[in-house]
Amino acid sequence: MKPSLLSLSAAAFVAVAATALASSPSRAEIDYPWCSSTSIGQPGIPSCRYATLEQCQAFIFGLNGSCQRNPSIVWQEQQMRAPKRGAR
């Protein structure tokens with residue numbers, strides 16, 4: 001008995017969907033050290049995608065924005081400097 005075109009199409013769809021869900025992201029997630037905040041895009045939500053302060057400043061030039069250190073990296077640095085509790 002030959003499989004119908006509909007069952008083959010359904011099987012192909014399931015295979016493609018499973019592959020898409022199981023695949024890894026196309027780019028590595030990087031915590032960049034500098035973030036920009038501007039009134040464009042999503043105001044108030046920092047965009048942390050700059051390796052240097054100069055890159056951030058070049059992006060916000062003329063956009064009425066600001067640059068700040070990535071809060072996630074600042075927190076990580078504070079955790080590394082903090083004394084470990086219970087250490088002797």
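This is a predicted model: local features need pLDDT of at least 70, side-chain atom pairs count only at pLDDT 80 or more; totals for chains, interfaces and linings use all residues.
## Overall architecture

The chain has 88 residues, of which 11% are buried. Its secondary structure consists of three helices and three strands, and from the N terminus onward these elements follow the order α-β-β-α-β-α. Of the contacts between residues at least 6 apart in sequence, 42% connect residues that are at least 24 apart.

## The sheet

The three strands are arranged as an open sheet in the order β2-β1-β3, with antiparallel pairing. Strands β2 (47–50) and β3 (66–69) are the edge strands, each pairing on one side only. From one strand to the next, the twist averages 40°. In general terms, the strands of a sheet pair through backbone hydrogen bonds, in either a parallel or an antiparallel manner. Here, the antiparallel pairing of β1 with β2 extends over two bridges. Within this part of the sheet, Ser 36 stands opposite Ser 47 of β2.

## Disulfides and the salt bridge

Two disulfides are found in a search of the whole structure. A disulfide is a covalent bond between the sulfur atoms of two cysteines. When the bonded cysteines are numbered in sequence order, the pairing reads 1-2, 3-4. The table sets out the geometry of each link.

| Disulfide | Sulfur–sulfur distance | Angle about the S-S bond | Handedness |
|---|---|---|---|
| Cys 35 and Cys 48 | 1.9 Å | 100° | right-handed |
| Cys 56 and Cys 67 | 2.0 Å | -105° | left-handed |

Cys 56 counts as buried because its relative accessibility is 0%.

The other disulfide is formed by Cys 35 and Cys 48. Cys 35 belongs to strand β1 and Cys 48 to strand β2, so this pair ties together parts that are 13 residues apart in sequence. The two partners can be described by their accessibility. Cys 35 has a relative accessibility of 0% and therefore counts as buried, whereas Cys 48 has a relative accessible area of 27% and is partly exposed.

The structure also holds one salt bridge. This salt bridge joins the side chains of Glu 77 and Arg 69, at 2.8 Å from N to O. Glu 77 is partly exposed, its relative accessible area being 29%. Arg 69 likewise counts as partly exposed, at 31% relative accessibility.

Ser 36 is located in strand β1 (residues 34–37). With a relative accessibility of 4%, Ser 36 counts as buried, because the cut-off for a buried residue is under 20%. Its side chain makes a polar contact of 3.4 Å with the side chain of Tyr 50. Apart from neighbours within four places in sequence, the residues in contact with Ser 36 include Ile 45, Pro 46, Ser 47 and Tyr 50. Further contacts of Ser 36 include Cys 56, Phe 59, Ile 60, Ser 66 and Gln 68.

When residues up to four places away in sequence are not counted, Trp 34 touches Ser 47, Cys 48, Arg 49 and Tyr 50, among others. Its contacts also include Ala 51, Thr 52, Leu 53 and Cys 56, as well as Gln 68, Arg 69 and Asn 70. Trp 34 and Ala 51 are separated by 17 residues in sequence, while their C-alpha atoms are 6.3 Å apart in space.

## Gln 55 in helix α2

Gln 55 is part of helix α2. At 40% relative accessibility, this residue counts as partly exposed. Between Gln 55 and Cys 35 there are 9.8 Å in space from C-alpha to C-alpha, for a separation of 20 residues in sequence.

Technical notes
Residues are numbered from 1 along each chain as its sequence is written. Side-chain values use heavy atoms; hydrogens and water are left out. Helices (H or I, at least four residues) and strands (E, at least two) are DSSP runs, numbered from the N terminus. Buried means under 20% relative accessible area, exposed over 50%, partly exposed in between (1.4 Å probe, protein chains only). A polar contact is a pair of N or O atoms within 3.5 Å; within protein, one must be able to donate a hydrogen and the other to accept it, and residues adjacent in sequence count only if both atoms are side-chain atoms. Contact means heavy atoms within 4.5 Å. Two strands pair if DSSP finds at least two bridges between them. Axes are lines fitted to C-alpha atoms, for helices over the stretch in contact, and angles run from 0 to 180 degrees between N-to-C directions. A salt bridge is a side-chain nitrogen of Lys or Arg within 4 Å of a carboxyl oxygen of Asp or Glu. A disulfide is a pair of cysteine sulfur atoms within 2.5 Å.
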